[in-house]
Amino acid sequence: MTSREQNDFLTRTDPGTPMGNLLRRYWIPALLSSEIAEPDCPPVRVKLLGERLIAFRDSQGRIGVMDEFCAHRGVSLWFGRNEENGLRCPYHGWKYDVTGQSIEVPSEPVESGFCKKIKLAAYDCIERGDVIWVYMGAPEQKPPPPNFEWATVPPAHRFVSKRTQECNWLQTLEGGIDSVHVSFLHRHDLRSDPLHVSQGAEFTRETAVRFEVIETKGGMVIGVRRPAMPGKLYWRITQWVIPFHTMIPPYGDNALNGHAFVPLDDENCMVWCFTHHPTRSLSAHELETMRHGGGIHVKLVPGSFRPVLNKDNDYMIDRVAQQHHKSYSGVKGIAMQDAAIQESCGPIQDRGKENLVSTDNGVIMARARLRRVALGITRGEAPDGLEPATHAVRSAAIVLPETASFYDAAADALAVRDGVAHASV
Ligand code: FES
Ligand SMILES: [Fe+2]
């Protein structure tokens, strides 16, 4: 049973918390490059790990991510004027550069040097894979840049979206690790969603599953097997890269999908959705489908990252579809099925009331691993999942002989191989 202390340990990420300290050791996806596409475009609000930040691109294209509030009297710099290499507070004109340094305080004589003494907290940024990543930890511990395949393929091979989810980040991560729910929650969609239809999707409808979890250097590999043809097993193999990256087993020649589950605060997270194909551009049809909320992506309320289906409208649940075996939950779309189910556990699930079973083994091991890694950094140990090599992994969906050890037999399939497509049936 998970105690209150254990639950708080894993779910709370504000500054100074053990999990907050751990997450601050990684590059964190913070916003889409397209949110601040042009030099001097409007700034955008960013929330990460309970901290309210502002992001902007200055006249030279440099990116700043810093404290949202003006150091003078606390006005939100979201109202700021982004001009001439800095963001200017509209209240009294104080101006900041991308490092958070104040470069102009109009009311004070320049010779006083006052503005040099004012600096907002600001974080290092890196742009990779159409995403702006932020590093919020100590400068001397900054890791190498992220090396996930989706972030390094040519832009035409990739589609990235994000959506807010109204619950703690760990609930979403646990959904990503728990591959068994696919046979239930998503079972009807595997046949109808154009980005999932495949032979593997048919095997996945089988609910007699067995689970094997292997701990790796960067996280965990979760193998779920189901009967396939005689003498063969169908394996769906998920990757979890610490702390919050998951890679979903593919279907047929469809592209690979993955997520990052980033805490905004303790009761809200950003679900990043990455689709990429290692060896080909995404087709116009695939892109069109994803832009309209297909596959793992969702339709958003215009001007926001909140899904159109959300808890205020009960996710527009369709009880008739549920009753007539068209949708297992009655919620439309794979991503929103996950979101609805995970949000329904409450803003922070009380894990003290659970009754875990053997197929929850992946979730149990992930919790234990996160705790171990977070405790490790208090003893000066480097956390897992920082090394770029640990990011260069893939999920897979393969058919193997009954006698094969899946981890050995799938070793090649689980590594990024340049110019070689993913293993998928
Ligand atoms: S509050 Fe920003 S300049 Fe005064
Ligand atoms: Fe799911």
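Reply: The bridge partner of V46 in β3 is L53. This is a predicted model, in which local features need pLDDT of at least 70 and side-chain atom pairs count only at pLDDT 80 or more, while totals for chains, interfaces and linings use all residues; side-chain values use heavy atoms, with hydrogens and water left out. Residues are numbered from 1 along each chain as its sequence is written, and chains are lettered from A and ligands numbered from 1 in the order in which they are written.

The strands β2 and β3 (residues 51-57) run antiparallel and are joined by 5 bridges. Two strands are taken to pair if DSSP finds at least two bridges between them; strands (E, at least two residues) and helices (H or I, at least four) are DSSP runs numbered from the N terminus. Strands of a sheet pair through backbone hydrogen bonds, either parallel or antiparallel.

The surrounding sheet is open, with 6 strands in the order β1-β10-β9-β4-β3-β2 and antiparallel pairing. Its edges are β1 (27-32) and β2 (44-48); each has a single partner strand, so one side of each is left without a neighbour in the sheet. Neighbouring strands of this sheet are turned by 35 degrees against each other on average, direction ignored. The axes are lines fitted to C-alpha atoms (for helices, over the stretch in contact), and angles run from 0 to 180 degrees between N-to-C directions.

Turning to the charged side chains, the whole structure holds 31 salt bridges, each a side-chain nitrogen of Lys or Arg within 4 Å of a carboxyl oxygen of Asp or Glu. R88 forms a salt bridge with E83, the closest N and O atoms being 3.0 Å apart, and another with E104 at 3.1 Å, N to O. R88 is buried, at a relative accessible area of 15%, whereas E104, at 32%, is partly exposed. Here buried means under 20% relative accessible area, exposed over 50%, and partly exposed in between (1.4 Å probe, protein chains only).

A further salt bridge joins E174 and R351 (3.3 Å, N to O). E174 belongs to helix α4 (residues 169-177) and R351 to the loop between α9 (334-343) and α10 (361-378), so the pair ties together parts 177 residues apart in sequence. E174 is buried at 9% relative accessibility, and R351 is buried at 1%. Finally, R4, D8, R12 and D266 are linked in a network of salt bridges.
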